[in-house]
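Please brief me on this structure. I am new to it and want the main points, grouped by topic.

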Amino acid sequence: MLKRISLPSSIRWLLPVVLVLLFVAIVFWLPWQARQLESNERQEQLIADTLWVEQSIRFQLGRHEESLRGLANEIATGHPAPADVQQRMGRMLKNGAELKSVIQVDPKGRIVVASEGAPVSPGGDAMLSPAALAAQDHARRTHTPVYAEPEPIGGDAPPDALKMDLLFPIYSGDQWMGSLVATFQLSSLLDEMVPWWFAQDNQISLLDRDDKVLARRSSAGPGHGVYTHKRALDLPGATITLMTDSVKSEPKLLPNLLVGSVIALSLALLWSLFALWGHISRRLAAEGELRQQMSFRTAMENSLVTGLRARDLEGRITYVNPAFCQMVGYPAEELIGRSPPMPYWAPDVMEEYQHRLANVLAGSITPEFETLFQRPDGTRIPVLVFEAPLVDKEGRHTGYMGSILDISDRKRMEELNRQHQEKLQASARLATMGEIASMLAHELNQPLAAISSYTTGALNILARGGDAAMLKPALEQAGSQAQRAGQIIRSVHEFVKNRESERQDVALQSMLDSILVLIELQARQHHVSLQIEIPESLPLVRADRLLIEQVLLNLTRNGIEAMGDVQPLKRVLRVVAENDPLAGMVVVQVIDNGHGIPQDVAERLFSPFFSTKAEGMGMGLNICRTAIEFHGGTLTHRDNPQGGTIFTFTLPVAGGVQ
Amino acid sequence: MLHIVDDEAVVRDALSWLASSRGIAATTYDSAAAFLAFAQGGAFDPEGDCVLLDVRMPEISGVAAFDQLAARGLTARLPVIFLTGHGDVPMAVDTLKRGAFDFFEKPFNDNQLMDRVQEGLAASRLASGKAAVQARLATLSSREREVLDLILAGKMNKVVADELGISMRTVEVHRAHIFDKMQVKTAVELAGLLK
């Protein structure tokens, strides 16, 4: 029924597993990637900042070099007064706090002019350190300013405070005239040159070529060594490296609540996915079971020979099974959804269906009943219907489920059985009747034949002119034979009289009741509807029960059979009884709508051995009339004004005139 | 002689009275057995016999008695008229085919019955005559039969003697014996008897 795209189950399972794994990988990869990005960004920021710092140091040192060059040129060309030189030196010191002192030394190493803060030395000796001397030498040769290697300041300065000298050669033409020595304090260099916002986030150090720390500024605490950058300060003569080390540690894996909650939610999502999965597999299992049940049920319904039909509360058909369709000869599509009247209702039983439907609509059903269905080809099937309320899963009453049995075979058997029984009874009765008739005929024949012979003989003698005296014995014999015949007649009368002792006071209804089954069977077989109208107040009759039942059976059967050619709707047999108090009789009429009785048939109707029926024995009506007349009643017939015949017989009321 | 066979005394009496009223002599038998005893005796009336046989009788029925007569070839000599209470046509046809003379259903027209009885007696007489001639012929010797045949062919004694190779005298002796045995006096009378 259901066409499904069927993937191999391995793929069906693989796909969600792969997706879930991918999801998990991304969930773990994303924060890592974010961290990576952040760390890169910080590093780059650090590099940019470090460059900036280096640039500003270089720039400041450059400015100092420019000032020194100006001063040197002036000294070389103009020979300014020492006071002017010192004044200019003072301005230089004011321009940068990192610059501790400037001195002018002559080629012999003696101080010419010294700025404030220059170390005072006795004898005016500059007392240049070896490093400064080496640098001076180098500068003198190259004619360019050269920085000396940093060295401790000495004196009362802290031991780790280092200074760095810049030796600027003074040349007047090609004549070396000494040097300008500018001394920078390295720690001040950092303090002055590095902006506060940078120092807040980083530890900044100046390193010598052996990575020994020359100066350090770490206002926000030591660096973590995670984000570092080294940048050489391109100073001629000295190798100094600027190193920055961020105080920030590595970015945390779960830096904030957001990522945490995303992961938590993801896990919750995964869990709910698994829960859903479990639920779905349970559902699938249940569904499979249901489908199994369903196909089991369908197979069961299809294999049934019992028809199944469900109706809703309005009587609409909601379900039929194949057996029902086969029974009534309509396909399921034509039946489902149909409202009454149903196509399989037989037209002449319509009233009965409607009545039952009205009951169903009113909410009361007949749990078991027999009825007739009609197929499209007009064949009728007697059915036995069992019906029960249909209740849905909420316990609401939604309709009725009926199972329908085709009882044609059963009916046929019943009918056969009844016919068989009737034939047996009839033949038994016929045998008795035949025996009595035969006996009577034989018994009466002998005396009658004898009388005939005596009288003929007597006439013969008289014709021959014989003596009348010769006739005497013959005539005596004839007389005695006539008496014998009379004797036989009397004995028959006696027999009938004995039968009279069987009479009793009996209700017509009770006699009818005991043969009603037989009449109804026959009526149903011929599709005749039976109407019995016996008033409650009808008096008892004095009758031989068996004989009158026989009469009723004969008359009703004649009536039913007479209506064989009449259309089914008109096939009505009525049995009407009424009291005739004046005559002291009960009058019973058996009324049919059949073919009626033609005049020539009517004349011979009651004569013995007359029958219009092929299988008739011709005794029916004759016996009936005799039986009724034994009771002191009459049996007559007349035409029914509505067509057909009315047979009327009377029976004496019990206790009436005998 | 009319033989009335019926178990009912009244019927026997009435029928014999009827027969006597028509001048027919009658004897009665109250059972088939009694009548068969008579038939056995063979003391038949030379004036002819006729039998009225009731079909329904105790012990031996009319039909059974008729069958015994037929077995002895007496149905021509004793013509049987059946009497029955109930028309049993197939039985009647059957017995008529086997040689019954007639069949009457009660109640019957008595004088018609008697007319048939008369015819039965006549038939019986005829049968009785033929039977006598046959009996006489049976007494002839074989040589006498040969001579008789030639006489009936109208041959003279001399021609007969020549054809049989015997003497005239012997032929005359045979002829005298034949006439004697056949109880005739002339050849013409003999021819009439054997016609």
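The briefing below starts with the model and then takes each topic in turn.

This is a predicted model, in which local features need pLDDT of at least 70, side-chain atom pairs count only at pLDDT 80 or more, and totals for chains, interfaces and linings use all residues. Residues are numbered from 1 along each chain as its sequence is written, while chains are lettered from A and ligands numbered from 1 in the order in which they are written. The model scores ipTM 0.70 and pTM 0.36.

**Chain B overall**

- The mean pLDDT of chain B is 86, and 97% of its residues reach 70 or more. Here pLDDT is the predictor's confidence in each residue, from 0 to 100.
- Chain B has 9 helices and 5 strands. Helices (H or I, at least four residues) and strands (E, at least two) are DSSP runs, numbered from the N terminus.
- Along the sequence, the pattern of chain B reads β-α-β-α-β-α-β-α-β-α-α-α-α-α.
- Chain B holds 195 residues, and 32% of them count as buried. A residue is buried if 20 or more other C-beta atoms lie within 10 Å of its own, exposed if 12 or fewer, and partly exposed in between, with C-beta atoms placed from the backbone.
- Take the contacts in chain B between residues at least 6 apart in sequence: 64% join residues at least 24 apart. Two residues are in contact if their C-beta atoms, placed from the backbone, lie within 7 Å.

**The sheet of chain B**

- Five strands of chain B form an open sheet in the order E2-E1-E3-E4-E5, with parallel pairing. Two strands pair if DSSP finds at least two bridges between them.
- Strand E2 (26-29) and strand E5 (102-105) of chain B stand at the edges. Each has a single partner strand, so one side of each is left without a neighbour in the sheet.
- From one strand to the next, the twist averages 20°. Axes are lines fitted to C-alpha atoms, for helices over the stretch in contact, and angles run from 0 to 180 degrees between N-to-C directions.
- Strand E3 (residues 50-54) and strand E4 (residues 80-84) of chain B run parallel and are joined by 4 bridges. Opposite B:Leu53 stands B:Phe82 in E4(B).
- Helix H1 (residues 9-21) of chain B packs on this sheet, where it touches strand E1 (2-5), E2 and E3 of chain B. The direction of H1 makes about 170° with that of E2(B).

**Helix H6 of chain B**

- Helix H6 (residues 142-152) of chain B has the buried residues B:Val147, B:Leu148 and B:Ile151. Seen down the helix axis, they fall within an arc of 105°, so they line one face of H6(B). The arc is that of the directions from the helix axis to the C-beta atoms.
- These buried residues pack against helix H7 (157-164), helix H8 (168-181) and helix H9 (187-193) of chain B.
- The exposed residues B:Ser142 and B:Asp149 sit on the face of H6(B) turned away from its buried side.
- Just after H6(B), B:Gly154 has a positive phi of about 90°.

**Where the chains touch**

- In chain A, 19 residues are in contact with 16 residues of chain B.
- Helix H10 (408-463) and helix H11 (472-500) of chain A are the elements that give two or more residues to chain A's side. The largest share, 16 residues, comes from H10(A).
- By class, chain A's side has 8 nonpolar, 11 polar and no charged residues. Ala, Val, Leu, Ile, Met, Phe, Trp, Tyr, Cys and Pro count as nonpolar, Asp, Glu, Lys and Arg as charged, and the others, Gly among them, as polar.

**A sheet of chain A**

- An open sheet of 5 strands in chain A has the order E12-E11-E15-E14-E13, with antiparallel pairing.
- The edges are strand E12 (317-320) and strand E13 (368-374) of chain A, each with a single partner strand.
- Neighbouring strands of this sheet are turned by 30° against each other on average, direction ignored.
- Strand E11 (residues 307-312) and strand E15 (residues 397-406) of chain A run antiparallel, joined by 6 bridges. A:Ala310 has A:Met401 as its bridge partner in E15(A).

**Backbone details in chain A**

- The peptide bond from A:Pro340 to A:Pro341 is cis, with omega near 0°. A:Pro341 lies in the loop between helix H8 (332-335) and helix H9 (350-361) of chain A.
- A:Asp211 is not a glycine, yet has a positive phi of about 60°. A:Asp211 counts as exposed, with 10 C-beta neighbours inside 10 Å.
- A:His527 is not a glycine either, and has a positive phi of about 55°. A:His527 counts as partly exposed, with 18 C-beta neighbours inside 10 Å.
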